[in-house]
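I opened this notebook to record what I looked up, beginning with the ligand site and going on to the helix packing and the backbone.

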Amino acid sequence: MDEKYVAPAPTRWRGGASVAAAAPATSPSADDSIPCYLTLPPVEDASTRERLGRMLDLVRGGMPWQEALAETHEPGFVRYVTDSRRGAFLDLLPLTKESDILEIGPGLGQFTASLARRARRVNALEVVPEQAEFVRLRMRQEDAPGVEVAIGGDDCRLPYRDASFDGIVLNLVFEWCGSRLESESHEAAQTRLLEEMVRVLTPGGFLYLATKNRFGLRLLFGEADEHMFDLPFGSALPRGLAAWLLRRRGRSRPMGQLYSHDELAAKLRRAGLAEVRSYWAVPEMRYPAEYVRSDAASVGAARAQPGFRAGHGRKVNVLMRLMPAAWVRHFMPGLAFLAFKAPARR
Ligand SMILES: C[S@@+](CC[C@H](N)C(=O)[O-])C[C@H]1O[C@@H](n2cnc3c(N)ncnc32)[C@H](O)[C@@H]1O
């Protein structure tokens, strides 16, 4: 255990419009509040917070979480939260009933209960207080065992001791994780989060990290990129050119940052992850039908299966089928890595 690590004292979040500046509490379950490690004020706009607040009130009043979600959100978002296929990546993870898992950015708890059923304990760290509260209430309704929810992560630091977790899940969070830290680059914040994740992993522990690909075909075809305020081609542009175009639109920095396959794999290795496995989420990242190892032999075998759908949309499907198998990992829509911290030396 690193003696230099000092766990920050949390404030407590008890619901309502803002984070309570309450006196630090040390016993997380002494009352019904959630430990809060935020260092910055929440950035969600008023209508988002109002909508989340309404949903929370319904759940607190006893409504099943699915109904409260459907009552307050668009069908597309309801599907994003409830479609069980989204959790297909859980089958890749080496989870056992002895595993202590950290889930960063659980959103509305789309994977938290499934994780909890396959592990011993899940700590869920969510940056949006109302979402964290929803996860906690949802886990109670679902009788999910061993879930502890906390609010934090905005500074890309983790309020946990060294070597606390056997595994970490970071699904579609990495690209956004530094978005609140206006005073530093996304890359600096993301590098810190990677180092923090390695710090809190046990030797031999795993990190599952899935994010979008900077050179996914969709962006190379010129589609608007939400990480770059809808700039066409967005993250696929040379970074200097993208920054210049954003400045001309009055934006000082992107909203999020994407990487290429090889950039991110190298970043994981530099952070101290030894074995790095890469997967192609097929046909796309958010609603995958299956995960295929992204080496040429596995891609070739997968594409030879009858009825295999290589991508969403005709153009992407055809190109992902026809391009050399060794190129697929560079142009697939998402990057999904399962990486392992080096085991302890004896
Ligand atoms: C796109 S959603 C993904 C939610 C869920 N993991 C999934 O895959 O469906 C990103 C989530 O990460 C949370 N988030 C973003 N930055 C974070 C950070 N630095 N620390 C903790 N949570 C963060 C957001 O509030 C949001 O709930």
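The model I consulted is predicted.

**Entry 1: ligand shell.** I asked which of the residues around the ligand come nearest. There are 18 residues around the ligand, and G105, Q110, E126, G153 and N171 come nearest. I then sorted the shell by class and found nine nonpolar, seven polar and two charged residues.

**Entry 2: polar atoms at the ligand.** For Q110, an N or O atom of the side chain is 2.9 Å from an oxygen atom of the ligand. For R86, I noted a polar side-chain atom at 2.9 Å from a ligand oxygen atom. I also looked up the cover: on its own the ligand has 590 Å² of accessible area, and the protein covers 88% of this.

Entry 3: I recorded the crossing of α2 and α3 as right-handed.

I next took helix α1 (residues 46–60), which packs with α2 at an angle of about 150 degrees, the axes being 9 Å apart. Helix α1 is therefore roughly antiparallel to α2. The crossing of α1 and α2 is right-handed.

**Entry 4: α1 with α5.** How do the axes of α1 and helix α5 (residues 129–141) cross? I found that they come within 10 Å and that the crossing angle is roughly 20 degrees. Angles under 35 degrees count as roughly parallel, so α1 is roughly parallel to α5. The handedness I noted for α1 and α5 is left-handed.

**Entry 5: backbone.** Most residues other than glycine have a negative phi, and most peptide bonds are trans. The peptide bond that joins V282 and P283 is cis, with omega at about 0 degrees. I located P283 in the loop between β10 (273–282) and β11 (290–293). L172 is a residue other than glycine with a positive phi, near 60 degrees. I placed L172 in the loop between β6 (165–171) and α6 (186–200).

Notes:
Residues are numbered from 1 along each chain as its sequence is written. This is a predicted model: local features need pLDDT of at least 70, side-chain atom pairs count only at pLDDT 80 or more; totals for chains, interfaces and linings use all residues. Side-chain values use heavy atoms; hydrogens and water are left out. A residue is near a molecule or strand if one of its heavy atoms lies within 4 Å of it. A polar contact is a pair of N or O atoms within 3.5 Å; within protein, one must be able to donate a hydrogen and the other to accept it, and residues adjacent in sequence count only if both atoms are side-chain atoms. Accessible areas come from the Shrake-Rupley method with a 1.4 Å probe; for residues, only the protein chains shown count as cover. Ala, Val, Leu, Ile, Met, Phe, Trp, Tyr, Cys and Pro count as nonpolar, Asp, Glu, Lys and Arg as charged, and the others, Gly among them, as polar. A crossing is left-handed if the near helix is turned anticlockwise from the far one by less than a right angle, and right-handed if clockwise. Helices (H or I, at least four residues) and strands (E, at least two) are DSSP runs, numbered from the N terminus. Axes are lines fitted to C-alpha atoms, for helices over the stretch in contact, and angles run from 0 to 180 degrees between N-to-C directions. Angles under 35 degrees count as roughly parallel, over 145 as roughly antiparallel, 65 to 115 as roughly perpendicular and the rest as oblique.
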